[in-house]
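Biologist: Before we get to details, could you start with the pockets and say how you define one?

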Amino acid sequence: MRALITGATGQDGSYLSELLLQKGYEVYGMFTQRATPSTRNVDHLPELKLLKGDLTDQGSIDAIMKESEPDEVYNLGAQSFVKSSWDIPEYTGNVNALGTLRVLDAIRKYSPYARFYQASTSEMFGQVQEVPQKETTMFYPRSPYGVAKLYAHWMTINYRESFGMHASCGILFNHESPRRGEHFVTRKIALAAARISQKKQHELVLGNLDPQRDIGHAKDYVRAMWLMLQQDDPDDYVIATGETHSIEEMVQVCFEYVNLDWKDYVRQDEEFMRPAEVNLLVGDPSKAKEKLSWEPEYTWKEILQEMIDVEMKK
């Protein structure tokens, strides 16, 4: 089996690469060439074949599709920071929305029998219309990121229905790990707790502490991605734990883990507030559990503690 992963050097892409290589796949990873490209998440995977490409460039996607001749394509590449999508909405749409369209069209032209996974997101629910959120819940995105991902989600469904593609969407809720980017709030909290405990940082500045999130481990969630493409028929699945915890709870757990009182070190600042906040996200993973036989293995506290342990070792 041959797999192509866009965004292969990111958190999810690196864990998925590990999983597929362990299963005996030949894995190709597309990554975007920058002045200082970071491949640290996959430097321990010499078998991974990295190919330079860009989701904003159809020619590079077509070339990679022809070179890799994949049986499975996992589209994980994105401008993935929600807050930044307000600063660069056009770029976010170009990468997340039109980038998905470009990948779908390259599959249609050059690998029509390849199975396709689209990384959809709980941010599409935004101002939630139902609790918990499931596959049939109405979408109401509250950011350029969520809107762009919703375009990609529906375009995947359209290609599935129009061209008979085996194309599935995973509506993934928050999933974290030590490989999470430092600008994401969970990694920011874990890193600060570790650094403050070592007296290498004095305070942690955050935005709104009230939003509640459903948190899983990226390792569990990439396993769900793979399971989707092993099914006879394509479909869409919510991947979540069914539990929700506030940002404040996460801060408290992290600082207690390093024997500190978070109230002595955490300060809120308007700079880190979103223009339109998503207050509650909690998913119903019943369909994934029933049809994919998927279960999360990590608890939210174990995830946060693992992230701090890794930071402490650094």
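Modeller: On a 1 Å grid over the protein atoms alone, a pocket is an open set of points where a 1.4 Å probe fits, with protein on both sides within 12 Å along at least five of seven lines, and its lining residues have an atom within 4 Å of a point. Volume is the space filled by probe spheres set on the points, which are joined across faces, edges and corners. This is a predicted model, so local features need pLDDT of at least 70 and side-chain atom pairs count only at pLDDT 80 or more, while totals for chains, interfaces and linings use all residues. Residues are numbered from 1 along each chain as its sequence is written, and side-chain values use heavy atoms, with hydrogens and water left out.

Biologist: What volume does the second largest pocket have, and which residues line it?

Modeller: The volume of the second largest pocket is about 160 Å³, and the lining consists of L191, A194, R195, Q198, K200, E311, M312 and K314. Two elements, α6 (185-197) and α10 (300-313), each give two or more residues to that lining, and α6 gives the most, with 3. Helices (H or I, at least four residues) and strands (E, at least two) are DSSP runs, numbered from the N terminus.

Biologist: K199 has a positive phi; where does K199 sit, and is it buried or exposed?

Modeller: K199 is in the loop between α6 and β8 (204-206), and its phi is near 60° although it is a residue other than glycine. Because its relative accessible area is 75%, K199 counts as exposed (over 50%, with buried under 20% and partly exposed in between, for a 1.4 Å probe and protein chains only).

Biologist: What about E69?

Modeller: E69, in the loop between α2 and β4 (72-75), has a positive phi of about 45° without being a glycine, and it is exposed because its relative accessible area is 53%. Most residues other than glycine have a negative phi, and most peptide bonds are trans. A cis peptide bond joins V131 and P132, with omega of about -5°, and P132 is found in the loop between β5 and α5 (144-163).

Biologist: Which residues touch the most other members in the largest nonpolar core?

Modeller: Of its 32 residues, L16, L20, Y74, Y117 and I239 touch the most other members; such a core is a set of buried Ala, Val, Leu, Ile, Met, Phe, Trp, Tyr and Cys residues joined through side-chain atoms within 4.5 Å. The elements giving two or more residues to this core include β1 (2-6), α1 (11-22) and β11 (236-239), and α7 gives the most, with 8 residues.

Biologist: And what is I239 in contact with?

Modeller: Leaving aside neighbours within four places in sequence, I239 is in contact (heavy atoms within 4.5 Å) with I171, L172, F173, Y221, A224, M228, A288 and W294. There is also a second, separate core of 24 residues, and I196, V251, V253 and I303 are among them.

Biologist: Switching topic, how many disulfides are there?

Modeller: The search of the whole structure finds 0 disulfides, a disulfide being a pair of cysteine sulfur atoms within 2.5 Å. C169 is buried because its relative accessible area is 0%, and C254 is buried because its value is 1%.

Biologist: Last one: where does S68 lie, and what does it touch?

Modeller: S68 lies in helix α2 (residues 58-68) and counts as buried because its relative accessibility is 0%. Not counting residues up to four places away in sequence, S68 touches R2, L4 and Y28.
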